[in-house]
Amino acid sequence: VSLYFDSTELNKLLVDWGREELQPACAALDAARVPFTPVVRVGQSAKTIAEVAREFHCERIVFGTEQLGFAERVFGSIAQQVRHMLQAQGDPQVIGS
């Protein structure tokens, strides 16, 4: 994909796609009257999640279950990587696989 778009254009496409993907979750949270702040960032998954969690002073991060492929078995799941990055006192609790 990066062969066809410059980095600014690619970033915008990814952010727009992320916002579209969040719409069902945002609608469900709105319907349940749960306060939330939707955030879409582009970057390495675990690192970006950890950075945003610290930025927003989150108390916990909840992950669903995921199928572990070869890479996840070698490097750990995204949840495991985030958990590893957020080991300092006062960092969010990471729940899930």
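This report describes the fold, helix α1 and the cysteines of the chain.

The model is predicted: local features need pLDDT of at least 70 and side-chain atom pairs pLDDT 80 or more, while totals for chains, interfaces and linings use all residues. Residues are numbered from 1 along each chain as its sequence is written, and side-chain values use heavy atoms, leaving out hydrogens and water.

**Overall fold**

The chain has four helices and two strands, where helices (H or I, at least four residues) and strands (E, at least two) are DSSP runs numbered from the N terminus. Their order from the N terminus is α-α-β-α-α-β. The C-alpha trace spans about 40 × 40 × 25 Å along its principal axes. Of the 97 residues in the chain, 19% are buried; buried means under 20% relative accessible area, exposed over 50%, and partly exposed in between (1.4 Å probe, protein chains only). The chain exposes about 7,600 Å², of which carbon and sulfur atoms supply 55%; accessible areas come from the Shrake-Rupley method with a 1.4 Å probe, and for residues only the protein chains shown count as cover. Among contacts (heavy atoms within 4.5 Å) with a separation of 6 or more, 46% join residues 24 or more positions apart.

**Helix α1**

Helix α1 covers residues 7-31. Its 25 residues should span 36 Å at 1.5 Å a residue, in agreement with the 36 Å between its end C-alpha atoms; the expected span is 1.5 Å times one less than the number of residues. At the start of α1, a side-chain oxygen of D6 comes to within 3.1 Å of the backbone nitrogen of T8. Further along α1, a kink of about 40° lies at Q23, shortly before the proline P24. The bend at a residue is the angle between axes fitted to the seven residues ending there and the seven starting there. V15, G18 and C26 are the buried residues of α1. Just after the helix, R33 adopts a positive phi of about 60°.

**Cysteines**

The whole structure contains zero disulfides, a disulfide being a pair of cysteine sulfur atoms within 2.5 Å. The closest cysteine sulfur to that of C26 belongs to C58 and lies 14 Å away, too far for a bond. The two residues are set out below.

| Cysteine | Relative accessible area | Class |
|---|---|---|
| C26 | 11% | buried |
| C58 | 30% | partly exposed |

Terms used. Polar contact = N/O pair within 3.5 Å; in protein donor to acceptor, adjacent residues only side chain to side chain.
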